[in-house]
Amino acid sequence: MLLARLSTRPLSSRVIFSSLRVVSPRTTARSMSSDAASKQRRMRVYTRTGDKGTSSLYTGERRAKDDLVFEALGTGDELNSFVGVARAALAADANSALAPLAEQLISVQSALLDLGAHVATPRSDAEADAARQQRTLFPAQAATQLEQWIDQMDEHLPPLTTFVLPSGGVISAHLHV
């Protein structure tokens, strides 16, 4: 129901695509020139460090895998995956009124990647250098932008008088997760 009443105002998106991956605009701008992109080292999905019950943060600090930082990172990754499923459902939907939502979800996914980098770089770590901390700052305006989008969507809905059951179509149900 909510998705059927979205505003059709155009949104700007500063998301940069690299192959089929969404890459954070801040990360891409500082790390990939056109020449550097062609020489970019391939990122592996595994670390080759074995499983000794620990994992490393962006600072290189090793922590137990049950550390709350990794719980937060995993939760953020799961959320990003759910947003990706909703985007895939949007791509399959012929409703052009939903195009602004697709742009918003791309921005949300990019912000979630930036947030993960911020979480993986503890501010209290004396070993973390200032450059890494600077690279992983998370702007407060990301939350403000999300709130503005929610307010815009909410303007098109009747006032809530009861709890909302997850439904209203495939896309809406995915976004309820």
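Buried means under 20% relative accessible area, exposed means over 50%, and partly exposed is what lies in between. I keep those cut-offs at hand for this predicted model.

**Entry 1, salt bridges.** I started with Asp67: its relative accessible area is 22%, so I log Asp67 as partly exposed. Next I looked for its partner and found Arg63, with the two side chains meeting in a salt bridge at 3.4 Å, N to O. Arg63 itself is buried, at a relative accessible area of 18%. Then I checked what else Arg63 touches. Glu61 forms a salt bridge with Arg63 too, and there the closest N and O atoms are 2.7 Å apart. Glu61 comes out as partly exposed because its relative accessible area is 23%. Shared partners join Glu61, Arg63 and Asp67 into one network. How many salt bridges does the structure hold? I get two.

Glu147 has 49% relative accessibility, so I put it down as partly exposed.

Where does Ser172 sit? I find it in helix H7, residues 170–176. Buried or exposed, I asked of Ser172? Its relative accessibility is 6%, so it counts as buried. I also traced its side chain, and Ser172 reaches the backbone oxygen of Ser167 at 2.9 Å.

Technical notes
Residues numbered from 1 in each chain as written. Predicted model: local features only at pLDDT ≥ 70, side-chain atom pairs only at ≥ 80, totals over all residues. Heavy atoms only, no water. Buried < 20%, exposed > 50% of the residue type's maximum accessible area, 1.4 Å probe, protein only. Helix = DSSP H or I, 4+ residues; strand = E, 2+ residues; numbered from the N terminus. Polar contact = N/O pair within 3.5 Å; in protein donor to acceptor, adjacent residues only side chain to side chain. Salt bridge = Lys/Arg side-chain N within 4 Å of Asp/Glu carboxyl O.
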